[in-house]
Amino acid sequence: MLRYLPFLLVLALWIYAFIDCLNTPEAEVKGLPKVVWIIIVLLFGEVLVGPVAWLVAGKVRRGPARWTAPDDNPAFLATLEDRKRRERGEEA
């Protein structure tokens, strides 16, 4: 079973890169047209050149989304202030 592991890992990476390439919008593809990236991933997938090239250089990577705590988020604080004003207006 262990001798099949490298083949299965290469196959998994190949499939992942192919599906990721297909699902990526054209605007987020770097360097080459999307069709060319798909061909590269398919043709050079068995030797890992295509999938690794796609994952490293083919797609625009976004940094991790910064999470803002509610008490630091100005939009959230503004909605709280609006809610307080409405409650005061209804009670008075």
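So, helix 1, residues 5–23, and helix 2, residues 34–43: their axes come within 10 Å and cross at roughly 170 degrees. That makes the two helices roughly antiparallel, a label for angles over 145 degrees. The axes here are lines fitted to C-alpha atoms over the stretch in contact, and angles run from 0 to 180 degrees between N-to-C directions. Helices are DSSP runs of H or I, at least four residues, numbered from the N terminus.

Quick word on what we're looking at: this is a predicted model, local features need pLDDT of at least 70, side-chain atom pairs count only at pLDDT 80 or more, and totals for chains, interfaces and linings use all residues. Residues are numbered from 1 along each chain as its sequence is written, and side-chain values use heavy atoms, with hydrogens and water left out.

Okay, who touches whom? From helix 1 you've got Trp 14, Ala 17, Phe 18, Cys 21 and Leu 22, and they meet Lys 34, Trp 37, Ile 38, Val 41 and Leu 42 in helix 2. Contact means heavy atoms within 4.5 Å.

Now, salt bridges. How many does the structure hold? Two, counting a side-chain nitrogen of Lys or Arg within 4 Å of a carboxyl oxygen of Asp or Glu.

One of them pairs the side chains of Lys 59 and Asp 20, at 3.0 Å, N to O. This pair links distant parts of the chain: Asp 20 is in helix 1, while Lys 59 is in the loop between helix 3 (49–58) and helix 4 (74–91), 39 residues away. Are these two buried or exposed? Both are buried, and Lys 59 has a relative accessible area of 15%. Buried means under 20%, exposed over 50%, partly exposed in between, with a 1.4 Å probe and protein chains only. Setting aside neighbours within four places in sequence, Lys 59 also contacts Thr 24, Glu 28, Lys 30 and Trp 54.

Then there's Asp 82 with Arg 85, where the side chains meet at 3.1 Å, N to O. Both sit in helix 4, three residues apart, about one turn of the helix. Asp 82 is partly exposed at 37% relative accessible area, and Arg 85 counts as exposed at 51%.

Key
Parallel < 35°, antiparallel > 145°, perpendicular 65-115°, else oblique.
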